[in-house]
Amino acid sequence: MVQSNDLKESEINIPHVFKICATSTSCNSDQESRRGPQLNAQLEGWLSQVQSTKRPARAIIAPHAGYTYCGSCAAHAYKQVDPNITRKIFILGPSHHVPLSRCALSSVDIYRTPLYDLRIDQKIYGELWKTGMFERMSLQTDEDEHSIEMHLPYTAKAMESHKDEFTIVPVLVGALSESKEQEFGKLFSKYLADPSNLFVVSSDFCHWGQRFRYSYYDESQGEIYRSIEHLDKMGMSIIEQLDPVSFSNYLKKYHNTICGRHPIGVLLNAINELQKNGMNMSFSFLNYAQSSQCRNWQDSSVSYAAGALMVH
């Protein structure tokens, strides 16, 4: 069972294998074999409580906090994944720990989860690497970064009926300029156009409180948590409009602490590129939650949202 705010960081098993542990900083195979069924039951429970109303999703936005906080929210996005058609899963996560002005690729071949191993698609990695637009994450960065890690068990669970038939493409997204978001959006648009590909965009929403150095408050909304919700839903509505420029302007105006703003920006630019070529798409948010309800200036919270992109 995941109890902390993140899956604790991983240990290396053999060269080129990235080992994911559910709860402890180091684990052995006995621990992992016990964690797997617990985690599996937890994910199954959340997924069983939601509907697949936007299936098959071509892309999802889902949070990356500890499952205790956001597991039920993330289920609304992962329920829209169709394992029957999905063969490659691009996971775009923001960089929390290292300064990165571009995007980075993993240096390992396999991510090991408590459910089963996920293979990184080396063919796609080769295509991306040839563009000269990417760098390599160090093993330390790969181990330390939770924005991709937290999506691995859910990805494994959503795809379990076809577990030997898909690969993943993890991409760490740096603090991109608007023009870089456009460039990466254009690059990824050809992959987004393929119905057998799924994009998982990793993001939490507002991080509010003194510890996050963000305390925007619109008194007209009432309690602080209502103001946070109003702010988040303003941003979510703009994302649903699929307009990268409006989303950038929203961030400049309110500075909302959406940690996955750059992966979201890349997705919106990829969508924009496909819309220019006549592809018809829609994005819908399906769930919104907060870790706690802020009522005074000493409180803090993180918001979570789950949504899905459909191609019509």
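**Figure 1. Burial and overall make-up of the predicted model.** Of the 312 residues of the protein, 54% count as buried (under 20% relative accessible area; exposed is over 50% and partly exposed in between, with a 1.4 Å probe and protein chains only). The structure is a predicted model, in which local features need pLDDT of at least 70 and side-chain atom pairs count only at pLDDT 80 or more, while totals for chains, interfaces and linings use all residues. Residues are numbered from 1 along each chain as its sequence is written, and side-chain values use heavy atoms, leaving out hydrogens and water. The protein has ten helices and 13 strands (DSSP runs numbered from the N terminus: H or I of at least four residues for helices, E of at least two for strands).

**Figure 2. Phe188 in the largest nonpolar core.** This core holds 95 residues, of which Tyr78, Phe134 and Phe188 touch the most other members. A nonpolar core is a set of buried Ala, Val, Leu, Ile, Met, Phe, Trp, Tyr and Cys residues joined through side-chain atoms within 4.5 Å. Leaving aside residues up to four places away in sequence, Phe188 touches Phe90, Leu128, Phe134, Val171, Phe199, Val266 and Ala270 (contact means heavy atoms within 4.5 Å). Among contacts in the protein between residues at least 6 apart in sequence, 79% join residues at least 24 apart.

Figure 3. Most residues other than glycine have a negative phi, and most peptide bonds are trans. Leu242, in the loop between α8 and α9, has a positive phi of about 60 degrees and counts as buried at 6% relative accessibility. Arg213, in the loop between β11 and α8, has a positive phi near 55 degrees, but is exposed, with a relative accessible area of 78%. The peptide bond from Arg55 to Pro56 is cis, with omega near 0 degrees; Pro56 lies in the loop between α1 (29-48) and β3.
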